[in-house]
Amino acid sequence: MLLRLARRFLVLLVSLAVASVLVFAFMQVLPGDPARVALGMNSSDEAVAQLREQFGLDRPLLVQYADWLGGVVTLDLGVEWVSKAPIAPQLVDRLAVTGWLVITAMVLALVIALPVGTWMAVRHRHADGVLLSAISQVGVAVPAFLAGIILITYFAKRWQWFPSGGWVPPAEDPVQFLLRLALPAISLALVQASMLARYVRSAVLEVLREDYLRTARAKGLRPMQALTRHGLRNAAVPIVTVLGLQLATLLIGAVVVERVFVIPGLGSFLLDSVAARELITVQTIVMVLVAAVLIINFLVDTVYLLIDPRLRVGHR
Amino acid sequence: MSGRRLNAPLLIGGALVLLVVAMALVSYVWTPYEFKFLPVPKEQTPNAEHWLGTDRSARDVLTQILLGARTTLFVGVVAVGVAAVIGVPIGILAAMSPGGFGQFIMRGNDILLAFPALLLAIMFSALYGGGTLIAMIAIGIATIPAFARIVRSGALQVINTEYVAASRVAGHGPLAIARKHVLPNVIGLVIVQASVSFAIAILAEAALSYLGLGTPTGQPSWGRMLLESQNVLHRSPHLAIIPGAAIALAVLGFNLFGDGLRDYLDPKLEGR
């Protein structure tokens, strides 16, 4: 098993390297001069030349790539091209904000989806199971930012129960922090919970058809007892895989939701950098997000290996 | 074909998809008003003259919804087209290539999978400026891996059948086998994936337009309508709810259609 883990880790490293080349390459296929794009088409030739000189944009691509990647790995990211603000401290601050949002949403989604999905499976032939299933199907079709807009409309603007946006760090004022976290986290969680509940439903349905569950029933366990004692651990394997994918979609969903709620997270940072044409910042944030997705996938594989005994023996 | 039954998701999804198509087609011959500022009160709620009301620039909302259906379908068709045209051959190639090379292709595919559609689209718009076409291409590229993966798994099953072995013995080359046996057998999977990817493309376009990076001003789009409703939410929530409902129904339609079609094509999977 250690060998398998080591191999997976190697694949992760290679994937990260290839992804970094892709991100860098995407930025290089830009038609024209990146320095001019960053400064705007009306900028003077001297200003462009100065920017090229200052950030070494005349050097060979390979050198630029190595320099950038080295910076990303050591978190020594230098300053933005136009505003000259240092990138690393902003990145860390914003990542923390997005982290709060995504993790809260994930926990909320799990708390909703696990019981609801199990209920949907157990009652899949009854009206309530079918109804919940239909609701979850609709929930999947609602984008998180739309849920956010609707929540703001009613809970913030109309009834004024929550602030309509902004951010307060938890250390500064825990109550305001929670109040401002609530609506964005709920809008992300509602959509994720709908998706997750559908996966929980099919995983539990799968388990319900297994022979060992019938045996457990035959020994006299009630349906719920049999399911909690023998079924859920088995149903957990496919659910964990999906959780990883969901964490990745949450991260990307957060980009838009942060804009809806004016939250200074990684997504807002990315969009602000796009608007300000801070290309090197865009490149770095995209790399951070892609790396996060790849690392999450690696962690999922690891957990997968740990909870499914069949995978431990060494055969694929 | 025995055992294939029309199911509820297929019918409901199909009806919703048809509705979106019908709205787009109708918009070519009829809209209640022109898509421009009208000399009428702004932000009207739905009434007899403006069935879905007017927006904050006094434009008719129903007109925009009908015209927006065109944008939605256009984005979906092009994005899914790009993804299928590139992804399907890659999947078949990966399945038919001997050992290492096929693995290599799929590893590359997995890495591209780490680039979510929306992220790629935001990045492209940073480089090339926003716009519908840029959005479509980015969403298409990000959807390639999904097609490649599903086609590969379908193709692998076909390649190991006896009729493919027989065809090989009969002297048919890999291209002929891919065209005659593999492609017809995976086409069902491709259509199902196309339907699901269509839903993803609609969501991504809506999000991009909401962020101001997708469909430009002056061109009707459901995502743009959401963006433009932002500042008047407290007094005219219907300006967000109507385009929001249109997006959700379209996505729901394509999702249900894909699910229903999968069950229809493979009855063993029904209810899972």
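# A tour of chains A and B

Of the 316 residues of chain A, 45% count as buried. Keep in mind that this is a predicted model.

**Stop 1: chain A as a whole.** Select chain A and show its cartoon. You will find 12 helices and 0 strands. Follow the chain along its sequence, and the pattern reads α-α-α-α-α-α-α-α-α-α-α-α. Now turn to the C-alpha trace. Along its principal axes, the trace of chain A spans about 85 × 55 × 35 Å.

**Stop 2: the second largest pocket.** Stay in chain A. Select A:Phe55, A:Asp67, A:Trp68, A:Trp81 and A:Ile280. Among the 22 residues that line the second largest pocket, these lie nearest its centre. Three elements of chain A each give two or more residues to this lining: helix 1 (2-28), helix 4 (61-74) and helix 12 (279-307). Colour each of them. Which helix gives the most to the lining? Helix 4 of chain A does, with 5 residues. The pocket holds about 520 Å³ of space. Next, colour the lining by class. It divides into 12 nonpolar, 6 polar and 4 charged residues.

Stop 3: Rolling a probe the size of a water molecule over the atoms shows where empty space is left. In this structure there are 3 cavities of 30 Å³ or more. The largest cavity has a volume of about 80 Å³. To find the largest cavity, move to chain B and select B:Asp55, B:Arg56, B:Val61, B:Gln64, B:Met225, B:Glu228, B:Ser229, B:Leu239 and B:Pro243, which line it. Helix 2 (61-96), helix 8 (222-229) and helix 9 (238-265) of chain B each give two or more residues to that lining. Helix 8 of chain B has the largest share, with 3 residues.

Stop 4: Select B:Val21, B:Leu25, B:Val26, B:Tyr28, B:Val29, B:Trp30 and B:Trp51. Together they make a nonpolar surface patch of about 780 Å². Zoom in on one member of the patch, B:Leu25. It sits in helix 1 (residues 8-29) of chain B. Is B:Leu25 buried or exposed? B:Leu25 counts as exposed because its relative accessible area is 56%, and the cut-off for exposed is over 50%.

Methods:
Residues are numbered from 1 along each chain as its sequence is written. Chains are lettered from A and ligands numbered from 1 in the order in which they are written. This is a predicted model: local features need pLDDT of at least 70, side-chain atom pairs count only at pLDDT 80 or more; totals for chains, interfaces and linings use all residues. Side-chain values use heavy atoms; hydrogens and water are left out. Patches are made of residues with over 30% relative accessible area and no salt bridge: like charges are joined within 9 Å, nonpolar side chains (Val, Leu, Ile, Met, Phe, Trp, Tyr) within 5 Å. Accessible areas come from the Shrake-Rupley method with a 1.4 Å probe; for residues, only the protein chains shown count as cover. A salt bridge is a side-chain nitrogen of Lys or Arg within 4 Å of a carboxyl oxygen of Asp or Glu. Helices (H or I, at least four residues) and strands (E, at least two) are DSSP runs, numbered from the N terminus. Buried means under 20% relative accessible area, exposed over 50%, partly exposed in between (1.4 Å probe, protein chains only). On a 1 Å grid over the protein atoms alone, a cavity is a set of points where a 1.4 Å probe fits but cannot get out, and a pocket is an open set with protein on both sides within 12 Å along at least five of seven lines; lining residues have an atom within 4 Å of a point. Grid points are joined across faces, edges and corners, and a volume is the space filled by probe spheres set on the points. Ala, Val, Leu, Ile, Met, Phe, Trp, Tyr, Cys and Pro count as nonpolar, Asp, Glu, Lys and Arg as charged, and the others, Gly among them, as polar.
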